[in-house]
Amino acid sequence: MVELVTEGPSYDAAVAIWNGAVTQRPALVALCTSTADVQEAIAEARERRLPLSVRGGGHDWAGRALRAGGLVIDLTRMRQVSIDGEVATVGGGATAADAAEAADRQGLAVATGTVGTVGLLGLTLGGGYGPLSGRFGLAADNLLGAEVVLADGNVVQADAELLWALRGGGGNFGVVTSASVALHPLTEVLAGSFTYAWVEAEQVLRGYGELLDGGPDELTSVIAIVDGPAVVVSPTWSGDTAQGKLVLDAFGRLGTPLNASVDVKSPLAKLREFDGAFPDGVHYAIRTRNVTGFTPEVVSTLLETYAARATPGTFINIHHFHGAATRTPVESAAFGERQFHFMVELIEVGGDGVWPRTASAELAPYSLPGGYPNLLGPDDATQTAVAYGPNAVRLLALKEYLDPHSVFSATPLPGR
């Protein structure tokens, strides 16, 4: 029988998610250790007429793991990872680091994001940008199969249509209790880090865009504008080491770096670079935009909006979407944006949330329609309406078929 808690240490741990700005408190937490527990929790919520939510890694910034007065299906005890050849089977509560550690022991790598404590399946179901996206695609593109508990309590192995929806459509169709994901033979990457003074920011951003225009699949990069202020360039190379050193050296010539390094690391060590950098319990507010390049208008807007930030610690992360991720036909998975672009994260730490909204609005005229579903919040209906591109109608039809009463609400869907 599933354990239900309303208070105490287990309850407190379940509701202590990443974003400390989230204050809603559920009535019940179901501490699940098996698929049967999840089925029982769904039946309990239905019987008590409680809204339902699912907690995996607890990293959704908008706090959708918790619903006020609802029942939380807590998957954090379902973190098992097993490997068979080049496929990992991961439990619904496994973190990216859990999967990466298991893969690393076999000389393999998994397509993850940039932070190890994030739940792997939550990241995957919404897309999953990461340092290997150019070579191996999004985390969603590496999803091979899934066990799902539907709103009626039935357990299914995802068929082709449901698997299509899970590759970018989020956890809106049921509880994914386990999934199989592709692994890749890769034991080391080159990880670069180049920090530039604010006075060189415009030059660095423009040159950075030029370096990545038409770059090889093996090169995927992040550029960040951080407090200082300063600009930090973090390219990752997943191919031949000698060739990679030549490629990454070019990032050190974008200006005069305050510090520079290029190190050989395992994919696991790369994932752990930011351990502790984004602590749980801090107040975060996030908005997102996609831009096609570092045009003069984009560069000036980024710099001007960052200069107007309200709180220290606020930063902008810009992710590189290219290569294998762009070659997946847009209709073959629910994820709706497949053209080359840069995904911009506007992240305020400890503020009132005004700065990200303002910065997003100022960047909007130079952005693609929509945005990254994993980062769209409850106030982003205009972006959500077009975030899935040509896949929206098909996605909503499957939602209506599998979950007509919207028992599950995860990453946002158009009109919901």
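## Ground rules

Because the model is predicted, local features need pLDDT of at least 70 and side-chain atom pairs count only at pLDDT 80 or more, while totals for chains, interfaces and linings use all residues. Residues are numbered from 1 along each chain as its sequence is written, and side-chain values use heavy atoms, with hydrogens and water left out.

## Overall build

Let's start with the whole chain. The protein chain has 14 helices and 17 strands; these are DSSP runs numbered from the N terminus, with helices being H or I of at least four residues and strands E of at least two. Its radius of gyration is 21 Å, close to the 22 Å that the globule rule gives for 416 residues, so the chain is as compact as a globular protein of that length. (The radius is taken over C-alpha atoms, and the rule is 2.2 Å times the number of residues to the power 0.38.) Along its principal axes, the C-alpha trace spans about 65 × 45 × 40 Å.

## The seven-stranded sheet

Seven strands make an open sheet in the order β14-β11-β13-β12-β16-β17-β15, with antiparallel pairing; two strands pair if DSSP finds at least two bridges between them. At the edges stand β14 (259-265) and β15 (284-291), each with a single partner strand, so one side of each is left without a neighbour in the sheet. Neighbouring strands are turned by 15° against each other on average, direction ignored. (Axes are lines fitted to C-alpha atoms, for helices over the stretch in contact, and angles run from 0 to 180 degrees between N-to-C directions.)

For a closer look at one pair, take β11 (residues 189-197) and β13 (residues 230-237), which pair in the antiparallel sense over six bridges. A191 has T236 as its bridge partner in β13.

## Helices on the sheet

Helix α7 (residues 201-212) packs on the sheet, touching β11, β12 (219-226), β13, β16 (315-321) and β17 (341-349), where contact means heavy atoms within 4.5 Å. The direction of α7 makes about 165° with that of β12. Helix α8 (residues 241-249) lies across β11, β12, β13 and β14, and runs at about 10° to β11.

## Helix on helix

With α7, the axes are 10 Å apart and the angle is about 140°, which makes α7 oblique to α10. (Under 35 degrees counts as roughly parallel, over 145 as roughly antiparallel, 65 to 115 as roughly perpendicular and the rest as oblique.) The crossing is right-handed, that is, the near helix is turned clockwise from the far one by less than a right angle, anticlockwise being left-handed. A201, E202, L205 and R206 in α7 meet P296, V299 and L303 in α10. These residues divide into five nonpolar, no polar and two charged; Ala, Val, Leu, Ile, Met, Phe, Trp, Tyr, Cys and Pro count as nonpolar, Asp, Glu, Lys and Arg as charged, and the others, Gly among them, as polar.

The axes of α10 (residues 296-307) and α12 (residues 354-363) come within 10 Å and cross at roughly 160°, so α10 is roughly antiparallel to α12. Here too α10 passes α12 in a right-handed crossing. V298, T301, L302, T305 and Y306 of α10 make the contact with W355, A359, E362 and L363 of α12.

## Backbone details

The peptide bond from G228 to P229 is cis, with omega near -15°, and P229 sits in the loop between β12 and β13. R49, a residue other than glycine, has a positive phi near 55°; R49 is found in the loop between α2 (35-48) and β3 (52-55).
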